[in-house]
Amino acid sequence: MKIKILIADDHSLMRVGLDALFSHQKDMAVVGLACDGVEAVALARERRPDVIVMDLMMPKMNGVEATRLVRQSVPETKVLILTSFGTAPELAKAVASGASGAFIKSTPTEDLLAAVRTIAAGGKAFPDEVRQMIDDNRQLSDLTDRQLEILAAATRGLTTSDIARQLDISVSGVLKHFTVIFEKLGVANRTEAVALALNRQMLKAAGRH
């Protein structure tokens, strides 16, 4: 029995490339191509694939919502997310919605093929770099809106006094927030917190500017 695969990606080049890759495998068969999340859900219900290779960011309906609907209506179908860097919040939501694996689009083809086979067999496939993206987002989601505001201000180079004036709170209040932020992010000081946020694009990914 061949693994039935549905490909969902809004870029035709990706669809064509993935179609060629999977179609050349003796144990795989592509049963459909979708250009957005709405079409992916419709085709999943119609063709009952074993695995959907799902782009995370698509028009009409993104991979998060499509994954949730597929897992609800076609629970036997597994979802493998393909993503780019800088989409950690959406990636974490997709995993929470039932995705069985996630890979960066630059992943070697051998690893992607192995992941499809693992997921089709009922396993999970999350490489270290993807796990790190999800962990980064979990750190960010632990912060309150006010703490996110303060961290975002710090990444823009504002001083503690500047932040206090901008948010209309006391300097001591800002310092207390920083103490909690350091604990939640697992860093020792403001410099490390700012570096973590910038290097991993935590605030950019969450749309918190």
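Q: Which residues of helix α2 are buried?
A: An α-helix has 3.6 residues a turn, so residues three or four places apart point the same way. In helix α2, which spans residues 37–47, the buried residues are G37, A40, V41, L43 and A44. Buried means under 20% relative accessible area, exposed over 50%, and partly exposed in between, with a 1.4 Å probe and protein chains only. Helices (H or I, at least four residues) and strands (E, at least two) are DSSP runs, numbered from the N terminus. This is a predicted model, in which local features need pLDDT of at least 70 and side-chain atom pairs count only at pLDDT 80 or more, while totals for chains, interfaces and linings use all residues. Residues are numbered from 1 along each chain as its sequence is written, and side-chain values use heavy atoms, with hydrogens and water left out.

Q: What do the buried residues of α2 pack against?
A: Packing is read from contacts, meaning heavy atoms within 4.5 Å. The partners are β1 (3–8), β2 (28–34), β3 (51–55) and α3 (63–73).

Q: Which backbone nitrogen does the side chain of D36 reach at the start of α2?
A: A side-chain oxygen of D36 comes to within 3.0 Å of the backbone nitrogen of V38.

Q: Which residue follows α2, and what is its phi?
A: R48 follows, with a positive phi near 50°, although R48 is not a glycine. R48 lies in the loop between α2 and β3 and counts as partly exposed because its relative accessibility is 38%.

Q: Where is K60, and is K60 buried or exposed?
A: K60 belongs to the loop between β3 and α3. With 75% relative accessibility, K60 therefore counts as exposed. K60, a residue other than glycine, has a positive phi near 70°.

Terms used
Polar contact = N/O pair within 3.5 Å; in protein donor to acceptor, adjacent residues only side chain to side chain.
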